[in-house]
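Let's take a walk through this structure together. Have the sequence and the 3D view ready, and follow along as we go.

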Amino acid sequence: MPQQTSRRAFLGQTLVGATTAGALISAPLAAARVVGANDRIRIGIIGAGARGQEDLKAAIAVPNVECVAMADVYTRRHDEVRQFVPKVEAYTDYRKLLDRKDIDAVIVATPLHLHAPHFLATLAAGKDLYSEKTMTWSIPEAVKCRDGARNSDRVIQIGLQHESSGSLTDTKRWIDSGWVGKVTEVESWMSRNTPHGKGQWVRPVPGDCNPEHVDWALFLENRPKSEFDGNKFINWRLFWEFSGGNTTENMIHQIAWIISALDLDLPSAASMMGGIWSEKDGRQVPDTISVTLEYPEKIVCWQSTFSNSRFGLGERILGSDGTVEHVSGSTDMVSGRSREETRYWAEKANRPSGDSAVSETPDQNHMANFFDCVRSRKQPNAPVEIGYKSAIAVLMSNIAYREQSRITLQEAMAYEPKYS
Ligand SMILES: NC(=O)c1ccc[n+]([C@@H]2O[C@H](COP(=O)([O-])OP(=O)(O)OC[C@H]3O[C@@H](n4cnc5c(N)ncnc54)[C@H](O)[C@@H]3O)[C@@H](O)[C@H]2O)c1
């Protein structure tokens, strides 16, 4: 089919662009079989660390989904996954997994710098894809993955699970009904704390984390060669070369929710201040952050700290006719209890007879939504477009921080990513 040939050729090109010399590329395979409504879906996972194992457990809990293969550069993960998928075929090299013709869909839960090559290779192999957030490490990669997805008929879900939340469904309904009015400002925040001396995210390096058990060259895939470093391998989140810090780890969920609620496109500009002030533990990414994103006739602010957790996380949409507040893990002032809720209050100036409301729509299972779409070929709740828009917003913020300057969208799109 001419259309398929050109799509695969395109994916091959984008994959070349997403990797550097030295990275091998899987040859595109025939597209996976058509999965019938009652057929068993066979999956593989690339990157079965902490999140990957959670995703995998969520996937195999969905009826008629079976994990047949995994790929991870660290043999410890093979043993961990065998504990709950005893017959899994374990590979070190993900290209061997993608070469298998009996796999319908792939979960990608590798460190951020590997999302783009694994995303594009999965599409080129003709598999449906569940790819963890943030969609990509850099803006050029986000463009390549978005374009690759637009030229593919594969089902793609990004691991932005709050896109499947009842709070988003109800918030959109309140906004669409005109209850919120003109929104010029959105406030959002996310806060955590750790015991003194123990930095957020820092994980111990296991004794077997050494070149005998880790394929370091494959971990570096699209990065300059360097000596094995167990701390960087385990604590990749702390280093710019592999991570985007807390904007790509946590802000991404909240900005995606805000973008979807308000139907926003890309920010016209971003600024970001902050620093490494909670724990001086060798990390490069800031622990304290204040972001301002400019959208047409509105600003969206996001703040975060790793030195206080009292108010958890939340978003407040401030409209001329009403307010929406979603909070999670924040401490109730009166009872002291942790709570998660989404509420609406009318602005009496413009909706004098308007009532308040509480979100009651239950969350959908984000992973089950993916497999429903693998069968129906419909668009999942967190498609590539929201993966793209949210990635651009957080990656622009990081550029503003690193350049210590307000960055426009045009500047961000032309920006050459820095590895360190
Ligand atoms: N959606 C969510 O709420 C959520 C929550 C946590 C993490 N995440 C995302 O999941 C991803 C993984 O995070 P994590 O905490 O599980 O990290 P992790 O370090 O625990 O796991 C990453 C795994 O990838 C493996 N890996 C590294 N290079 C590889 C390669 N080339 N091929 C195959 N495997 C390779 C590592 O050995 C490790 O097992 C990140 O992108 C993170 O942002 C999402």
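This is a predicted model: local features need pLDDT of at least 70, side-chain atom pairs count only at pLDDT 80 or more; totals for chains, interfaces and linings use all residues.

Residues are numbered from 1 along each chain as its sequence is written.

Let's begin with strand S1, residues 41–46. (Helices, H or I with at least four residues, and strands, E with at least two, are DSSP runs numbered from the N terminus.) Five of the six residues of S1 are buried, so the strand is largely enclosed by the rest of the structure. Here, buried means that 20 or more other C-beta atoms, placed from the backbone, lie within 10 Å of the residue's own.

Who are the neighbours of S1? Strand S2 (residues 65–71) runs parallel to S1, joined by six bridges, and strand S4 (residues 105–108) is also parallel to S1, with four bridges. Two strands count as paired if DSSP finds at least two bridges between them. Ile45 makes a handy landmark: its bridge partner in S2 is Met70, and in S4 it stands opposite Ile107.

Zoom out, and you'll find six strands in an open sheet with parallel pairing, ordered S3-S2-S1-S4-S5-S6. At the edges sit S3 (89–91) and S6 (156–159), each pairing on one side only. S3 is joined to S2 by three parallel bridges, and Ala69 has Glu89 of S3 as its bridge partner.

Now for a helix: H2 (residues 50–60) packs on the sheet, touching S1, S2, S4 and S5 (128–132), and its direction makes about 155 degrees with that of S2. Contact means C-beta atoms, placed from the backbone, within 7 Å; angles run from 0 to 180 degrees between N-to-C directions, with axes fitted to C-alpha atoms, for helices over the stretch in contact.

Finally, which residues have the most contacts inside the largest nonpolar core? They are Ile43, Ile45, Val106, Ile107 and Ile255, in a core of 99 residues. Such a core is a set of buried Ala, Val, Leu, Ile, Met, Phe, Trp, Tyr and Cys residues joined through C-beta atoms within 7 Å. Helix H12 (residues 384–403) gives the largest share, eleven residues. Domain 1 (2–162 + 368–383) and domain 2 (164–199 + 240–362 + 395–413) both contribute, so this core lies between them; the domain bounds come from an automatic or database domain assignment.

Technical notes
A residue is buried if 20 or more other C-beta atoms lie within 10 Å of its own, exposed if 12 or fewer, and partly exposed in between; C-beta atoms are placed from the backbone. Two residues are in contact if their C-beta atoms, placed from the backbone, lie within 7 Å.
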